[in-house]
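Student: Please take a close look at one part of this model for me. Go through the layout first, then a single element, then what lies around it.

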Amino acid sequence: MSFWGYPRPDGSVGTRNYVAVIPTVVCAAATARQISDNVKGTVPFLHHQGCALAPYDLELVNRTFTNLALNPNIAAVVLVSLGCEPIDIDGIAERIAQSGKPVEKLVIQQVGGTIATVEKGVRIARQMVSEASEVKREQFDESRLMFGSECGGSDTTSGLGSNPAIGAAFDILVKKGGSAVFSETTEFIGAEHLLAQRAVTPQVGKQIVGMVRRYEERFLEKGVDMRGTNPTKGNIEGGLTSIEEKSLGAISKGGSQPIQEIYEYGERPKKGGLSIVDGPGYDAPSLTALAAAGSTVIFFSTGRGTPLGSPFVPVIKVTANGLTYEKMKDNIDFYVDLARKDNINEIGKTLYEEALKVASGKQTKAEILDQSSYNGIFIVGPLA
Amino acid sequence: MERKAIVLNSKDNVATALAELSAGESIALEVDKNKSSVKLVNPIQFGHKFSLVDIKAGATILKYGEVIGEATKDIKAGEHVHVHNVASTRGRGDVTKEPAK
């Protein structure tokens with residue numbers, strides 16, 4: 001099967017055609033938003049990072065900006081800097097330009113305040129949108145897609161229906177030669193040995209176990225034992241017996257294909273197939289990790305229902321909770337009806353077909369209702 | 001007919017209830033086109049698990065085709081499977097025993 005996508009100069013294929021307005025520090029966020037508010041066709045990425053960062057977090061935030069901007073759904077980029085933040089704005093702009101993507105930087109302290117920067121930014125963005133609008137959708141093989149998956153507002157139905165259905169859709173794409181990525185390291189705890197068994201090499205398997213342990217140790221240093229306190233009392237009342245059962249339910253959103261490689265938060269997979277990106281279970285910064293990894297369609301599994309989307313990537317909301325689907329129909333795109341006779345793989349196939357439609361331009365509810373500009377960036381901390 | 005419980009993988013020895021189920025009820029199950037039926041020993045709440053077969057103490061409990069714990073006592077087909085008769089194999093205890101990498 002195929003889909004209609006936007007060809008990019010670096011050979012990647014987008015499912016959307018946005019001009020991104022990215023503030024490189026929170027101090028520039030309102031100015032960036034004002035530029036975007038005035039130019040249809042632009043999307044801002046709002047966050048509160050960019051300054052007072054430890055060296056490892058500075059590197060993380062730099063690569064997150066770079067790789068977000070390289071997402072194939074973005075046609076051109078306006079970077080809005082304050083001027084005194086430690087972010088490597090020149091390096092980021094250079095890397096974006098190397099991909100063949102138009103990029104401009106605006107430094108508020110140099111341009112001379114918000115009004116002058118907004119005026120300049122609006123002119124630049126207007127021109128970029130005009131040029132981007134000439135890029136036409138072309139037909140591409142489905143293997144050119146990259147899926148991401150995320151779960152949030154989870155309940156018992158997430159591990160039984162919506163996560164496995166997303167996993168089945170992942171399997172279809174990966175078997176056809178496409179790419180897929182999932183994250184949320186904290187949710188691997190107790191099932192990391194099973195993920196490690198699916199790694200393509202013992203080395204990658206060890207890295208998966210090490211990545212989970214590193215995350216756990218950050219909490220243990222603060223006196224919090226994430227493994228010992230899971231499953232929670234509420235989980236047990238809901239029917240979950242062990243931490244491995246809980247984690248298996250969560251990781252089923254990554255499907256069953258071999259794991260090629262693992263990456264740090266904000267990194268972009270270098271290999272095709274299924275990858276893991278290290279990151280928190282917290283929905284918003286996790287969506288940022290999936291977008292920075294290059295996902296062009298994201299599945300979001302939810303039990304309780306949530307409106308949250310991603311600025312540059314269409315997010316398909318999936319639930320297997322019938323009551324949530326009825327109550328939150330404004331926000332949920334796809335219902336996995338567990339009482340149907342179809343097995344999960346058949347439901348996953350229908351979900352995959354929906355993803356191809358979305359890839360070709362069908363708007364998701366999070367896009368239509370504009371639930372997408374604020375996702376934020378994860379940092380390890382502490383802040384200075 | 002609507003499904004009352006789901007078996008997620010053909011290797012599994014437990015099913016998960018999709019509704020509130022009563023003791024004595026016969027539950028029809030299907031996984032990968034293989035059909036079976038289990039008569040419930042206990043009432044099973046939505047989201048809780050019951051055994052598809054007799055499971056011996058010490059045997060592994062399989063869901064998603066993977067080990068989710070070990071039986072701490074003999075479990076009969078149709079019996080409630082939960083923390084009272086299953087122990088995790090991946091709690092804090094086993095991790096601290098592993099050699100440092």
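Tutor: Start with a term: the domain bounds used here come from an automatic or database domain assignment. Keep in mind that this is a predicted model. It scores ipTM 0.92 and pTM 0.95.

On those bounds, chain A splits into domain 1, residues 18–132, and domain 2, residues 145–368. Taken over C-alpha atoms, the centres of domain 1 and domain 2 of chain A are 29 Å apart. Where these domains touch, domain 1 of chain A puts in 15 residues and domain 2 of chain A puts in 12. On the domain 1 side, strand 3 (18–23), strand 4 (42–44) and helix 2 (55–69) of chain A supply at least two residues each. Helix 2 of chain A has the largest share of that side, with five residues. By class, the domain 1 side that touches domain 2 of chain A holds 10 nonpolar residues, four polar and one charged.

Check its length first. The expected span is 1.5 Å times one less than the number of residues. Helix 6 of chain A has 20 residues, so it should span 28 Å, and its end C-alpha atoms do lie 28 Å apart. After the helix comes A:G177, and its phi is positive, near 100 degrees.

The contact between the chains takes 23 residues from chain A and 25 from chain B. The residues of the chain A side that touches chain B divide into eight nonpolar, nine polar and six charged.

Finally, look at confidence in the partner. Chain B has a mean pLDDT of 90, and 89% of its residues reach 70 or more. Residues 97–101 of chain B have pLDDT below 50, and this stretch makes two contacts in the model beyond near neighbours in sequence. Where pLDDT is low, predicted coordinates should not be read in detail.

Conventions
Residues numbered from 1 in each chain as written. Chains lettered and ligands numbered in written order. Predicted model: local features only at pLDDT ≥ 70, side-chain atom pairs only at ≥ 80, totals over all residues. Contact = placed C-beta atoms within 7 Å. Nonpolar A, V, L, I, M, F, W, Y, C, P; charged D, E, K, R; others polar. pLDDT = per-residue confidence, 0-100. Helix = DSSP H or I, 4+ residues; strand = E, 2+ residues; numbered from the N terminus.
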